[in-house]
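Student: I have a model open on my screen and would like to talk it through with you. Could we go over it piece by piece?

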Amino acid sequence: MGEVINRGLMRNIIKMLMDLGPSVYQDDFEKPFLEVSADFYRAESQEFIECSDCGDYLKKAERRLNEEIERVSHYLDAKSEAKITNVVEKEMVANHMLRLVHMDNSGLVKMLLDDKLEDLGRMYTLFKRVPIGLPTIRDVLTSHIRNTGKQLVTDPEKSKNPVEFVEALLDKKDKYDKIIASSFSNDKTFQNALSSSFEYFINLNPRSPEYISLFVDDKLRKGLKGVKEEDIEIMLDKVMMLFRYLQEKDVFEKYYKQHLAKRLLSGKTVSDDAERSLIVKLKTECGYQFTSKLEGMFTDMKTSQDTMQGFYSAHGGDLASGPTLVVQVLTTGSWPTQSSISCNLPSELLTLCEKFRSYYLGTHTGRRLSWQTNMGTADLRATFGNGQKYELNVSTYQMCVLMLFNNSDCLSYREIEQATEIISSDLKRCLQSLACVKGKNVLRKEPMSKEIGEDDVFSVNDKFTSKLRKVKIGTVVAQKESEPEKQETRQRVEEDRKPQIEAAVVRIMKSRRVLDHNNIIAEVTKQLQPRFLANPSEIKKRIESLIERDFLERDNVDRRLYRYLA
């Protein structure tokens, strides 16, 4: 082995053996040749594996395989190729598979971490040639993705920032998509393993649906300025890919609806086209029912513009000197449910609001209007002690507080609370943003501290200055939901699921007429899977409720059997 041989002579000898009959070639040459080759590669592979890392070993194995294929083409019978390559594959690859993939500091996991695309491609090509080669790679890959994914979604540090959390998930997906495309020939079984791994760990964090919605919110508010249309589509497709992995799609819908409402009402969406594009994608994925209310929100925004035009056409002359009012009329069923929280509006606005109410109810019969003052915004012109004039963009609550200082130099927290009737938690956040945020502190607070106390006293900050003529004063608000808010959302989701579970039970029982308990649980779970993972105990409760209301009955003999009552 390794010596230069006369290929022409070898070719003639092999031809001679073949001419004497296939059995002469096979018994007198091929069989001993394969045995000697197996012994040689067994010894060589052992020597190689002791002194090489995984990448180098695979290169040597690939070289030996190519040498044998070339040898056959030069002077052996073509039928010998499969036999000799089998020997090399068995001795150099199959017998060392597990040791290679698990090799310290150079095995499969190390290659994945270091993006060794060429080495991974070589491993895939070689392992594909041997039985259970690809399942060996796939099992280690799946285990690695699941473990690192689990660390990512359960790491409290990573969960602090929803946008970074989702970006880390997308980076991870991009990384393994690239590896599967470049090194694993876009193998369908590897793609499926990647998808099942993502579905496994993304659902380990119950806040994943909320965080994905917050990521979309961040991008559609400010993250897409100056981004090309095709790049926006790529980003939305990536969001949809994560959405598909969610088991609780209805939880995502709940949050998405809340975030979309805030974007539309504050005029903060960067692109209407991007908003509509995502809704079309959600509709394609989940059907009309999933997006009908989201589409209703866009319809309300357009109808509100027409309503305001009609209002100013009818009352334009009377309203020229006073403040300008813009009202969004929201259909109760389409928008996130808000408990009707009102506050005391300034007298200058009350008259205007009443005029709008009369106009609207005069043109639409049988409707009721309730003001959602916690969702509005206002633009105020303000003049400070140094004569500086600014336009302040504030929330409706902040406007109600600031307008009190037209008639008073100084007000205590309790006086403001009494005058506005804004609920305590909202009022504290509102005052915090007006008095405690550097560069936006249009009010002064005594004593000065970051928190708002019930004995604090407020006055206008005469020394307020800003480089900008228009100053936006945001409300101090947590981006993520607080624990009580999270519980409340979860409760609303659970309530919304009850009628859906009942409807699924009735649909199934109507077509099957009689069904046992285990089968009905399995069928309801399967039917509802596109929206959420139904809890078997909740299905059982809904069945009990349907029995009480005479939709179903238990069989008299077998109590686990249910009958549909028409």
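Student: Which helix holds L108?

Tutor: Happy to start there, with one note: this is a predicted model, so local features need pLDDT of at least 70 and side-chain atom pairs count only at pLDDT 80 or more, while totals for chains, interfaces and linings use all residues. Residues are numbered from 1 along each chain as its sequence is written, and side-chain values use heavy atoms, leaving out hydrogens and water. Helices are DSSP runs of H or I with at least four residues, strands are runs of E with at least two, and both are numbered from the N terminus. L108 belongs to residues 108–113, which form helix α6.

Student: Is L108 buried or exposed?

Tutor: Buried means under 20% relative accessible area, exposed means over 50%, and partly exposed lies in between, using a 1.4 Å probe and protein chains only. Contact means heavy atoms within 4.5 Å, and beyond its neighbours within four places in sequence L108 touches L100, V101, L120, M123, I137, V140 and L141. Because its relative accessibility is 0%, L108 counts as buried.

Student: What separates the C-alpha atoms of L108 and I137?

Tutor: I137 is among the residues in contact with L108. The two lie 29 residues apart along the chain, yet their C-alpha atoms are separated by 7.6 Å.

Student: Which residue in the hairpin of β1 and β2 takes a positive phi?

Tutor: Look between the strands, where there are 5 residues. One of the hairpin's residues has a phi near 85°, and that residue is G387.

Student: In β5, what is the bridge partner of R444?

Tutor: Strand β5 (residues 457–460) is joined antiparallel to strand β3 (residues 410–412) by 3 bridges, with L411 partnered by F458. Strand β4 (residues 443–446) also runs antiparallel to β5, through 4 bridges. For R444, the partner in β5 is S459.

Student: What radius of gyration does the protein chain have?

Tutor: This value is taken over C-alpha atoms, and the globule rule is 2.2 Å times the number of residues to the power 0.38. The C-alpha trace spans about 115 × 75 × 45 Å along its principal axes. A compact globule of 566 residues would come near 24 Å, but this chain has 35 Å.

Notes: Pairing = 2+ DSSP bridges.
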